[in-house]
Structures are given as structure tokens and as C-alpha cells.
Amino acid sequence: GEWTKNKVHDKTAETDKIKSVVVDSIEKLTPQSKKGNDGLFRAFESLSSNKKEGIDTGYANIDRTLQGMKEGNFIVLAGRPAMGKTALALNILKNVCVAGKSVLFFSLEMSDVELNKRLLLMVSGQNENVYRSQSHKDEATSNNIFDNEVKRARDVESQKVWGRLQNALNEIGKWKLEIVEEGIYSIQDMRLKAKIKKKKKD
């Protein structure tokens, strides 16, 4: 509306306030229920149907506790550094994508290349540390039979690894996944981008 137009050109306006207004404007474009208390009716439908709610993480204990990741939930995965938070998050991402759901992943510290590398190794069943050590092994240079056999075995293993990575690439290529890594995001930034992506790609 007129407020938005004026404030967008007003350099003193608070950025987050403008973003909030933009998001609210986008939400108004979505057809709303005509019922007076839509939340009440949705709650009733939820309780009276056997329809499963939420999206499974793929981890039975977590899914039992959360009853799936549901609309409106804000779920925090916390832990000390190097405790495997990113690995767990990527495993949940993988499980959700394999189930055919769409995922929008905001990365605040790792590049999309690094994240995709970890996904490729995860889906191919290749341990990251083992992969790195294999990649940096010195080739056998001696002419004796034993060293030649070791080199041949490494070549065969490399071909297997390559095949598994290729299969993982094809699998991930089918997922409805988008990784965003354009910098530091506020909650309003993510909310706005998520609303736009929802409109464009569901």
C-alpha cells in the first residue's frame, strides 16, 4: 500500500519493519479461509482425523518425541562445536528429500559446494575422513610385485568410489532441494525468502 511505497524510499525506515510489511503483503496474496476462527476448525480437523501430521526426520526417537516436524514449529538443534550438528541436520535434510518433500536450506557458515560435498559423501556411503586419506595416499613407485598389486588395488577402489559418487550425484539431482548461501541472514530475511520460494516452487 501507500505506507510501503513511502517507507521503501525513506532511508530512516527500519529495514526489518519494511521486510515484515513485504512478507505480510505476500501472505495476503494467498487465499484465506472464510471461516471466522480458522485455527479452531483446523485444530478440530487435526484431532478428528487419523491423518499423520508433520514431516518425519528419519530418526525414530526424534519422530516419536516431536510427532514429526509440524507447521509453525521452531525446532532448535544445539550442541558444542564439532559435535555433529551439521551432520545430523544434513541427514535429516536427506531423509526429508528422499521422502519427496521440498527443502530450503540456509547456510550461514559453509559454502554450498562444501555442503554438497558432504551430501555426496553421505549418500554414497563414503566416510569423509577415509575419502580424504585415500585421495592423498602416495602412489607406489617401486617395481616389486607387492607394490604393483597395492597400486592395482587402489585403482580398483578408486573406480568403486567414483561409481558410488556418480550414483549419489544422480540421486541428489532428483531431490527438491535448494541451498542458499548468500551471506548472513536475519530471521526476517529468511522468512521473506522462504515465502517467495514457497510461492514460486512450493
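In which type of crossing, left-handed or right-handed, does H5 pass H6?

1. **Overall make-up.** This is a predicted model. The protein chain has 9 helices and 2 strands. Read from the N terminus, the order of elements is α-α-α-α-α-β-α-α-α-β-α. The protein chain counts 202 residues, and 19% of them are buried. Take the contacts between residues at least 6 apart in sequence: 64% of these join residues at least 24 apart.

2. **The H5/H6 crossing.** Two packed helices are described by the angle between their axes and the distance between the axes. Here the helices are H5, residues 85-98, and H6, residues 112-124. Their axes come within 11 Å and cross at roughly 70°. Angles of 65 to 115 degrees count as roughly perpendicular, and H5 and H6 are therefore roughly perpendicular to each other. As for the opening question, H5 passes H6 in a right-handed crossing.

3. **Who makes that contact.** From H5 come Thr86, Ala87, Leu90, Asn91, Leu93 and Lys94. From H6 come Leu115, Arg118, Leu119, Met122 and Val123. By class, the residues of this contact are 7 nonpolar, 2 polar and 2 charged.

4. **The largest nonpolar core.** In soluble globular proteins, nonpolar side chains tend to be buried together. The largest nonpolar core in this model has 13 residues. Which of them touch the most other members? They are Leu90, Leu93, Val103, Phe105, Leu115, Leu119 and Trp175. Two or more residues come from each of H5, strand S1 (102-106) and H6. H5 gives the largest share, 5 residues.

5. **Valine 103.** Leave out residues up to four places away in sequence. Valine 103 then touches Leu93, Val96 and Cys97, and also Lys176, Leu177 and Glu178. Strand S2 spans 176-180.

6. Alanine 194 sits in helix H9, residues 187-201. Is alanine 194 buried or partly exposed? Its relative accessible area is 31%, so alanine 194 is partly exposed. Leucine 104 is 90 residues away along the chain, yet the C-alpha atoms of alanine 194 and leucine 104 are separated by 7.4 Å.

7. **Valine 21.** This residue belongs to helix H2, residues 15-28. Buried means under 20% relative accessible area. Valine 21 has 16% relative accessibility, so valine 21 counts as buried.

8. Most residues other than glycine have a negative phi. Glutamine 67 has a positive phi of about 60°, although it is not a glycine. Glutamine 67 lies in the loop between helix H4 (60-66) and H5. With a relative accessible area of 51%, glutamine 67 is exposed. Alanine 82 lies in the loop between H4 and H5 too. Phi of alanine 82 is near 60°, again a positive value in a residue other than glycine. Alanine 82 is exposed as well, with a relative accessible area of 83%. Both backbones deserve a look in the viewer.

9. **Lysine 70.** The loop between H4 and H5 also holds lysine 70. Lysine 70 is partly exposed, at a relative accessible area of 26%. Which residues does lysine 70 touch, not counting residues up to four places away in sequence? They are Glu53 and Gly54. The C-alpha atoms of lysine 70 and aspartate 56 are separated by 9.2 Å, and these residues are 14 apart along the chain.

10. **Isoleucine 184.** Where is isoleucine 184 placed? It is in the loop between strand S2 (176-180) and H9. Exposed means over 50% relative accessible area. At 73% relative accessibility, isoleucine 184 therefore counts as exposed. Isoleucine 184 still has contacts: Leu108 and Asp189, leaving aside neighbours within four places in sequence. Serine 107 is 77 residues away along the chain, and the C-alpha atoms of isoleucine 184 and serine 107 are separated by 8.7 Å.

Notes:
Residues are numbered from 1 along each chain as its sequence is written. This is a predicted model: local features need pLDDT of at least 70, side-chain atom pairs count only at pLDDT 80 or more; totals for chains, interfaces and linings use all residues. Side-chain values use heavy atoms; hydrogens and water are left out. Axes are lines fitted to C-alpha atoms, for helices over the stretch in contact, and angles run from 0 to 180 degrees between N-to-C directions. Helices (H or I, at least four residues) and strands (E, at least two) are DSSP runs, numbered from the N terminus. Angles under 35 degrees count as roughly parallel, over 145 as roughly antiparallel, 65 to 115 as roughly perpendicular and the rest as oblique. A crossing is left-handed if the near helix is turned anticlockwise from the far one by less than a right angle, and right-handed if clockwise. Contact means heavy atoms within 4.5 Å. Ala, Val, Leu, Ile, Met, Phe, Trp, Tyr, Cys and Pro count as nonpolar, Asp, Glu, Lys and Arg as charged, and the others, Gly among them, as polar. A nonpolar core is a set of buried Ala, Val, Leu, Ile, Met, Phe, Trp, Tyr and Cys residues joined through side-chain atoms within 4.5 Å. Buried means under 20% relative accessible area, exposed over 50%, partly exposed in between (1.4 Å probe, protein chains only).
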